[in-house]
Amino acid sequence: MTSDFLPGLLVMLSLAALLVAAGWRARRWLAGRPAAVDIFSGLLQAPRRYLVHVHEAVSRDPIESTPRDTGRRTAGMHVLTAGGLVSATVLIIAVHVLGFDGAMPTALLLLCLATMAAGALMLALRRWPGDIPERLSRGGFQRLPFSVAAFVVFFIIATLPLTAIMPPIVWTSPGGLMLLALGAWACLELYVGMGLGPMKHALNGVLHLAFHPRPSRFNAGRLAPTDSGLQGMDLAEARLGVERPVDFRWNQLLGFDACVQCGRCESACPAYAAGLPLNPKKLIQDLVAAECERGSDVHYTGHPHPDGDAAGVAHGGPILPVVGAQAMLRPETIWACTTCRACVYECPMMIEHVDAVIDLRRYQTLELGATPGKGAEVLEELRATDTVSGRALNTRLDWAADLKLPVLAERGACDVLLWVGEGGFEMRAQRTLRAVVKLLRAANVVDIAVLGEEELDCGDLARRLGDEATFQDLARRNIATLAKYRFDSIVTCDPHVLHALRNEYAALGGHYTVEHHTMFLARQIEEGRLTPKPMRHNLITFHDPCYLGRYNGEIEAPRKVLKSIGIKVIEMQRSGLRSSCCGWGGGAAYTDVPGKRRIADVRMDHVRATNAGTVAVACPNCAVMLEGVTQPRAEVTDVAELLWAAVEAPS
């Protein structure tokens with residue numbers, strides 16, 4: 001038997017098996033909640049999303065990289081291996097199935113196989129024993145260099161007879177049968193593996209890019225602000241949040257299946273670094289396991305009964321513990337998250353870990369009332385007093401008694417509305433607020449005002465703790481208050497307020513121009529309204545707030561302000577869009593999940609590594625967390641405080 005059709009038949013049979021496996025997975029995804037997607041547009045956009053956004057993420061060096069595991073090497077490995085496989089598949093079908101075995105197609109096929117061979121070598125070097133990054137998953141991934149190499153060897157040998165370099169292969173001979181077995185194994189590993197094995201991220205990843213839960217993430221440039229606002233929810237739904245895998249939207253389930261288990265999220269996670277019970281890679285894999293174990297034969301119905309609907313359709317088991325049921329995750333896992341989005345930023349497959357965490361929290365908080373630690377108390381205070389601290393609203397401006405700040409209700413309009421935030425009740429944040437007010441006046445921005453006792457908490461903390469109802473209530477009342485007045489822009493010192501008002505109020509009808517105080521001050525300096533004097537400083541580093549940097553794409557404004565007063569920032573290894581968290585976000589300061597260390601202590605170690613005597617901050621919560629680190633440590637000072645010292649310094 002010397003037919004050249006057998007190699008092509010192996011590929012065709014393997015692709016057929018892949019379709020069956022993909023159909024099985026698709027059935028599990030579609031068991032989830034409905035999701036509005038533009039199928040045609042998504043499929044058209046998938047190649048660009050891969051070539052631009054995925055490639056940019058892969059090309060970045062991992063936070064914990066080795067000489068054999070740099071971003072450039074990883075990107076090259078994927079281009080050679082994946083690009084070679086796709087091209088080789090098309091040419092194998094053309095040459096070995098359709099009979100286009102001329103010199104040009106055959107030469108192109110051999111070239112593609114050689115490209116795959118180079119990729120297999122890079123893959124083998126990356127996973128060579130003794131220098132494998134700890135974050136990389138093992139298991140079936142360790143076989144990939146061998147399966148790619150086997151694929152290359154088989155199809156080179158099967159194709160060379162078409163060039164007259166080798167005699168035809170007798171497939172029924174012992175050698176031919178052994179070669180055929182090698183080819184069959186390689187095809188199963190690579191093609192069927194895209195549906196069921198370690199290569200499943202290849203197919204699932206493309207579909208995830210096409211039907212992504214946040215398609216607007218791909219509208220901006222590589223380093224521009226992305227869609228980072230949490231999606232709201234209908235509080236009239238029968239089940240609030242996610243209890244079971246099928247409570248996720250179907251394209252979220254698809255996204256979990258796109259995980260390549262590269263561990264970049266693990267290396268970036270501040271909670272994991274501090275020894276808290278959260279590993280974002282394991283979280284996603286546990287959700288996949290829950291989906292496979294409990295969701296493969298169930299469908300979402302929206303029915304509130306835990307055992308099924310009237311038609312007897314089961315809903316699958318709970319992901320987190322409920323009375324009388326076995327669970328897939330420990331509750332501490334989701335409550336350890338600071339929602340800093342470091343995992344999301346590093347993920348080359350664009351998976352939305354934080355959205356999944358918040359969906360799970362919503363069920364725990366709204367349905368079970370199971371918010372841990374002081375989180376439950378804080379939510380009670382918010383519902384009762386409209387502030388996190390439980391302080392009376394009419395005391396929000398006590399710190400500014402001598403500054404005589406105009407209240408907007410007395411004027412009806414202003415140019416700049418200063419949103420005080422919860423910092424108005426905290427002594428540490430009040431120092432920053434006073435510096436900002438003095439700087440605004442020094443810049444002759446005299447038409448400023450505050451809301452005073454009409455200002456409620458923005459709701460960020462409630463939403464991150466899963467209490468969507470309280471967030472929506474606070475947001476709607478704040479929007480109603482703001483609708484009574486005229487102003488050009490809102491300035492705030494709190495990046496969490498910035499994010500909520502700028503990115504999350506819009507869904508409820510609140511559309512505003514909102515600036516962080518460092519953005520506003522940097523512009524005053526550039527336009528000559530503030531003229532700080534250069535000052536001598538000890539070494540200073542800057543801690544980027546997560547909700548200013550990764551959430552809103554602003555990393556330059558604070559540095560411009562510091563540069564204007566003669567400060568050359570000594571950058572930490574984790575800075576800018578890759579900054580590590582202070583440990584406050586997502587309510588982590590209140591849920592108080594125990595770990596080996598505090599996240600703030602880990603961050604202060606990053607500061608110490610720069611030998612800086614001062615760490616500049618641009619968030620009242622970062623200031624509180626970092627100042628809570630025991631001495632000896634760097635001095636913690638807000639950018640606005642440093643700028644005011646330079647402005648009021650004698651000439």
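How many bridges join β1 to strand β2 (residues 448-449)? Two, and the strands run parallel. This is a predicted model, in which local features need pLDDT of at least 70, side-chain atom pairs count only at pLDDT 80 or more, and totals for chains, interfaces and linings use all residues. Residues are numbered from 1 along each chain as its sequence is written, and side-chain values use heavy atoms, with hydrogens and water left out.

View 1. Strand β1 spans residues 413-419, and six of its seven residues are buried. Buried means under 20% relative accessible area, exposed over 50%, and partly exposed in between (1.4 Å probe, protein chains only). Strands (E, at least two residues) and helices (H or I, at least four) are DSSP runs, numbered from the N terminus. Two strands pair if DSSP finds at least two bridges between them. β1 pairs with β3 (residues 486-492) in the parallel sense, over six bridges. Leucine 417 faces isoleucine 490 in β3. On β2, isoleucine 448 stands opposite valine 416.

**View 2. The open sheet β5-β6-β7.** Three strands in this order form an open sheet with parallel pairing. Its edge strands are β5 (540-542) and β7 (635-638), each pairing on one side only. Neighbouring strands are turned by 30° against each other on average, direction ignored. Three bridges link β5 to β6 (residues 614-617). Threonine 614 in β6 is the bridge partner of isoleucine 540. Helix α25 (residues 620-627) lies across β6 and β7, running at about 155° to β6. Axes are lines fitted to C-alpha atoms, for helices over the stretch in contact, and angles run from 0 to 180 degrees between N-to-C directions.

**View 3. Threonine 637 in strand β7.** Threonine 637 sits in β7. Its relative accessible area is 8%, so threonine 637 is buried. Leaving out residues up to four places away in sequence, threonine 637 touches Arg428, Thr614, Val615, Ala616, Val617 and Leu642. Contact means heavy atoms within 4.5 Å.

**View 4. Helix α22 and its packing.** Helix α22 covers residues 556-564, and its buried residues are Ala557, Pro558, Arg559, Val561 and Leu562. They pack against α21 (517-526), β5, β6 and α26. Just after α22, glycine 566 takes a positive phi of about 85°.

View 5. Most residues other than glycine have a negative phi, and most peptide bonds are trans. Lysine 404 has a positive phi, near 50°. This lysine lies in the loop between α15 (375-385) and α16 (408-411). Its relative accessible area is 66%, so lysine 404 is exposed. Asparagine 611 also has a positive phi, near 65°, and lies in the loop between α24 (599-608) and β6. Asparagine 611 counts as exposed because its relative accessibility is 61%. A cis peptide bond, with omega about 0°, joins glutamine 631 and proline 632. Proline 632 belongs to the loop between α25 and β7.

View 6. Serine 651 is in the segment after α26 (639-648). Its relative accessibility is 95%, so serine 651 counts as exposed. Proline 534 is 117 residues apart from serine 651 in sequence, yet 9.8 Å apart in space, C-alpha to C-alpha.
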